[in-house]
Amino acid sequence: MVRALYPGTFDPLHNGHLDIARRAAAIFDELIVGVYHSPPKKLLFDTDERVVLAQKALADLPNASVVSFVGLTVECARDLDAQVIVRGLRNVADYQFESQIGLANRHLAPEVELCCLICSTEYTYLSSTIVKEVAGLYGDVSQWVAPEVAAALSEHFAVNRPPELAAGQEKLQGISKTRGKLSYRS
Ligand code: ADP
C-alpha cells in the first residue's frame with residue numbers, strides 16, 4: 001500500500017490544488033493532504049479553517065483525508081508512514097523551488113520519494129494569492145474554488161472590508177448612476 005502526503009499552505013485551497021489532489025488520489029492508495037500550521041506567509045484563514053475547507057472540498061474522495069502539521073514536511077511524512085510527497089508544478093519557478101527542496105528532503109529522509117505532478121493547463125495561472133486578491137476586490141472567484149471556499153472568502157471580506165475600498169465602491173456607484181442618467185437623457 002502506498003500512502004502519499006500532499007503538503008501545502010492551501011490558503012485557500014483552489015481548483016488547481018484540487019486537480020492535483022484528485023489525480024494523486026487516483027495514483028496512490030491513500031492521499032493525506034497536509035495543511036502547514038504556520039508557514040512563513042501572511043495567512044487569510046487560520047489552520048482549522050483551511051483544514052475544514054479542504055475536508056469539504058475533498059469529501060467525495062474516499063481515500064483522501066486532511067491533517068494539519070508543524071515542522072518539517074519529511075518528518076510529517078514519516079509520522080504518517082507516507083512513502084511519497086506529492087507537489088504540483090505550474091512553471092519553471094515551481095520546478096526550481098521544488099527541485100531544491102526535494103533534493104534537501106532526500107538528504108533528510110532518503111526513504112521518502114517526491115512525486116511532482118504537472119498542473120493541468122487550465123490552472124497554470126492560478127494561485128491562492130490571485131484568488132485572495134480578486135476576492136478582496138469583490139471579484140467573482142467561483143470558477144476557481146469550491147463553493148464553500150467562495151462562501152468563506154465572501155464572508156471574510158464582508159467583515160474585513162478595507163474602508164478605502166468601500167469608499168471607492170460608493171464613488172464608482174455614484175459615477176455609474178450619473179452615467180446612466182446621462183445616457184438616458186441623450
Ligand atoms: P506552498 O506554500 O507549500 O507552496 P501552496 O498552497 O501555495 O503551498 O501550494 C501547494 C502545492 O500546490 C504546491 O506544490 C504548489 O506548487 C501546488 N499548486 C499551487 N497552485 C497550483 C495550481 N494552479 N495547479 C497545480 N498545483 C498548484
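## Around the ligand

In what follows, Ala, Val, Leu, Ile, Met, Phe, Trp, Tyr, Cys and Pro count as nonpolar, Asp, Glu, Lys and Arg as charged, and the others, Gly among them, as polar. On that scheme, the shell around the ligand splits into six nonpolar, seven polar and three charged residues. This is a predicted model, in which local features need pLDDT of at least 70 and side-chain atom pairs count only at pLDDT 80 or more, while totals for chains, interfaces and linings use all residues. Residues are numbered from 1 along each chain as its sequence is written.

The ligand is surrounded by 16 residues, and the closest are Gly 8, Gly 16, Arg 87, Gly 88 and Cys 119. Helix α1 (15-27) and strand β4 (84-89) each give at least two residues to the shell, and α1 has the largest share, with three.

## The fold

The chain has seven helices and five strands, in the order β-α-β-α-β-α-β-α-β-α-α-α from the N terminus. Helices (H or I, at least four residues) and strands (E, at least two) are DSSP runs, numbered from the N terminus.

Of the 186 residues, 30% are buried. Here, buried takes 20 or more other C-beta atoms within 10 Å of a residue's own, exposed takes 12 or fewer, and partly exposed is in between, with C-beta atoms placed from the backbone.

## The nonpolar core

A nonpolar core is a set of buried Ala, Val, Leu, Ile, Met, Phe, Trp, Tyr and Cys residues joined through C-beta atoms within 7 Å. The largest one holds 41 residues, and Leu 5, Tyr 6, Ala 21, Ala 24, Leu 31, Val 33 and Ala 54 touch the most other members. Strand β2 (residues 30-36) gives the most to this core, five residues.

## Backbone details to look at

The loop between β1 (3-8) and α1 holds Pro 12, and the peptide bond from Asp 11 to Pro 12 is cis, with omega near 0°. Phe 10 is in the loop between β1 and α1 too; its phi is positive, about 50°, although Phe 10 is not a glycine. Phe 10 counts as buried because 26 other C-beta atoms lie within 10 Å.

Tyr 138, in the loop between α5 and α6 (147-159), has a positive phi near 65°. Tyr 138 is partly exposed, since 13 other C-beta atoms lie within 10 Å.

Notes
Near = placed C-beta within 6 Å.
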